[in-house]
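Colleague: Walk me through this model, please. I want each label set against its rule.

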Amino acid sequence: MKKIISAAFILLAIFLCTDQNFARPNSGPKFEFLAENNRLVLDTIYLDWTEEVQFDVEFINKGDQPLVVFNVTGCCGTQITGWTQQPVLPGEKGSISVEFRIPPRPHRISRTVKAQTNDPEGAKTLDIIGVVAEPKEEGTIDLQRRAY
């Protein structure tokens, strides 16, 4: 009987002293774009808009360990001009600076931004969509963005 009780205490001590990460499946950093469903929808951009489109995309660390963004890329002429370089603590926000030119013709915008981090789930991709159209009337400039 003493051997059974001793073995039970030893097993309990081993269980309590070992790393408990298996009991916390959501531990670690967790990268999440602040755009709903990882999609950023630009309002209509009119052809008389001659400047580059520039904006910052925000993200948050929803994990319980520091998040490190080590690479960010854009597709189709989308330039990534910078991102938060220092580790983002749990619950804190960071940003990615994005810019691209608008071809001077009516078309749909479909671009992506891919962030590689130390999040165990791997790289995350943000879709950027919108429409470039003829101006409604002379001199109309309507550039806004919203996250959906």
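Modeller: Start with Ile96. Beyond its neighbours within four places in sequence, Ile96 is in contact with Phe31, Phe33, Phe55, Asp56, Val57, Phe59, Val72, Ile80, Gly82, Trp83, Val113 and Ala115. Contact means heavy atoms within 4.5 Å. This is a predicted model: local features need pLDDT of at least 70, side-chain atom pairs count only at pLDDT 80 or more, and totals for chains, interfaces and linings use all residues. Residues are numbered from 1 along each chain as its sequence is written, and side-chain values use heavy atoms, with hydrogens and water left out.

Colleague: What makes a set of residues a nonpolar core, and how many residues has the largest one?

Modeller: A nonpolar core is a set of buried Ala, Val, Leu, Ile, Met, Phe, Trp, Tyr and Cys residues joined through side-chain atoms within 4.5 Å. Buried means under 20% relative accessible area, exposed over 50%, partly exposed in between (1.4 Å probe, protein chains only). The largest such core has 25 residues, and Phe55 and Ile96 have the most contacts inside it. Two or more residues come from each of β1, β2, β4 (53-61), β5 (69-74), β7 (93-100), β8 and β9. The largest share, four residues, is from β4. Strands here are DSSP runs of E, at least two residues, numbered from the N terminus.

Colleague: How do you know which strands pair with β9?

Modeller: Two strands pair if DSSP finds at least two bridges between them. β2 (residues 39-42) runs parallel to β9 over three bridges, with Leu40 partnered by Ile128. β3 (residues 45-46) is also parallel to β9, over two bridges; Ile45 stands opposite Val132. β8 (residues 107-117) is antiparallel to β9 over nine bridges, and Val113 has Leu126 as its partner.

Colleague: Which residues lie on the covered face of β9?

Modeller: Lys124, Leu126, Ile128, Gly130 and Val132. The uncovered face has Thr125, Asp127, Ile129, Val131 and Ala133. In a regular strand the side chains alternate between the two faces of the sheet.

Colleague: Where is confidence lowest, and where highest?

Modeller: pLDDT is the predictor's confidence in each residue, from 0 to 100. It is lowest in β10 (residues 145-147), at a mean of 47, and highest in β1 (residues 31-33), at 97. The chain mean is 83, and 74% of residues reach 70 or more.
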